[in-house]
Amino acid sequence: MKTAVPCYYHLDVEVSPERVGQVSRILAAHLRYWDLDNLVDPVCRGAELLLTAIDQHATDKHTSIEMWWNGQHLITAIGDEDRDLRPDQDLRGCLAHLAATSDGWGCCASETGSKIIWFSQRARSGERVPLVPTGPAPRLRRVLKVPRALPVTQLAASAGGVLEGAR
């Protein structure tokens with residue numbers, strides 16, 4: 001049985017139109033290496049949208065991309081160094097798409113004043129990695145009678161004692 005091993009990947013890139021496709025292929029290769037083939041399309045689409053928006057709107061094109069896999073969720077974070085790029089104005093359409101296609105997303109500031117936009121994808125059932133171990137189903141070898149179906153005196157006699165109110 002294959003167990004889920006936490007994984008991490010980091011990539012620094014100078015964004016340009018040619019590099020967007022290259023970065024998408026690099027991320028897809030890492031996801032396939034981690035046996036997360038079913039997450040390739042949504043993660044690469046989200047990363048391509050963000051990188052394209054950064055390429056179109058940012059003056060500083062230096063970008064960091066990180067992916068974390070914890071066994072149940074894949075978090076992809078893209079951070080840019082441009083302080084003038086505003087997510088609420090320049091990246092509004094991209095963020096709306098991320099909200100619609102991911103299980104969670106957010107935007108936060110880093111210690112250097114740049115911004116980080118992240119989104120997460122939950123692993124779907126049917127993967128090769130078991131997410132939650134299942135216990136065996138209990139089996140009854142004999143059928144027990146429902147207590148309310150028997151008179152109280154008969155229940156007391158089968159228990160080996162006599163009830164005081166039954167006398």
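1. Cysteine 107 counts as partly exposed, at 39% relative accessibility. The classes are buried, under 20% relative accessible area, exposed, over 50%, and partly exposed in between, with a 1.4 Å probe and protein chains only. The model is a predicted one: local features need pLDDT of at least 70, side-chain atom pairs count only at pLDDT 80 or more, and totals for chains, interfaces and linings use all residues. Residues are numbered from 1 along each chain as its sequence is written, and side-chain values use heavy atoms, leaving out hydrogens and water.

2. How many disulfides does the whole structure hold? The search finds 0. Cysteine 107 is in no disulfide, and its nearest cysteine sulfur, that of cysteine 108, is 6.5 Å away. That is too far for a bond; a disulfide needs two cysteine sulfur atoms within 2.5 Å. Cysteine 108 is partly exposed as well, with a relative accessible area of 38%.

3. Helix 2 covers residues 40-57. Helices (H or I, at least four residues) and strands (E, at least two) are DSSP runs, numbered from the N terminus. At 1.5 Å a residue, its 18 residues should span 26 Å, and the end C-alpha atoms are 26 Å apart, which agrees. The expected span is 1.5 Å times one less than the number of residues.

4. Which residues of helix 2 are buried? Among them are Val43, Ala47, Leu50, Leu51, Ile54 and Asp55. An α-helix has 3.6 residues a turn, so residues three or four places apart point the same way. The buried residues of helix 2 pack against helix 1 (17-33), strand 2, strand 3 (73-80), helix 3 (92-101) and strand 5 (115-122).

5. Threonine 63 sits in strand 2. It is buried, with a relative accessible area of 0%. Leaving aside residues up to four places away in sequence, threonine 63 touches Leu11, Asp12, Val13, Val15, Leu51, Ile54, Ile78, Gly79 and Asp80; contact means heavy atoms within 4.5 Å. A polar atom of the threonine 63 side chain lies 3.2 Å from the backbone oxygen of lysine 61.

6. The structure holds 3 salt bridges. The criterion is a side-chain nitrogen of Lys or Arg within 4 Å of a carboxyl oxygen of Asp or Glu. Lysine 61 pairs with aspartate 55, the closest N and O atoms being 3.7 Å apart. Aspartate 55 is buried, at 17% relative accessibility.

7. Aspartate 80 and lysine 115 meet in a salt bridge at 3.1 Å, N to O. Aspartate 80 lies in strand 3 and lysine 115 in strand 5, so the pair ties together parts 35 residues apart in sequence. Buried or exposed? Both aspartate 80 and lysine 115 are buried.

8. Arginine 122 and aspartate 103 form a salt bridge at 3.9 Å, N to O. Arginine 122 is in strand 5, while aspartate 103 is in the loop between helix 3 and strand 4 (104-109), 19 residues apart. Arginine 122 is partly exposed, at 42% relative accessibility, and aspartate 103 is partly exposed, at 36%.

9. The whole structure has 1 aromatic pair. The ring centres of tyrosine 8 and tryptophan 68 are 5.7 Å apart and the planes are at 45 degrees, so the pair is tilted. Rings of Phe, Tyr and Trp (its six-membered ring) pair if their centres lie within 6.5 Å; planes under 30 degrees apart are stacked, over 60 edge-to-face, and the rest tilted. Tyrosine 8 is in strand 1 (residues 7-14) and tryptophan 68 in strand 2 (residues 62-69), 60 residues apart.

How values were computed
A polar contact is a pair of N or O atoms within 3.5 Å; within protein, one must be able to donate a hydrogen and the other to accept it, and residues adjacent in sequence count only if both atoms are side-chain atoms.
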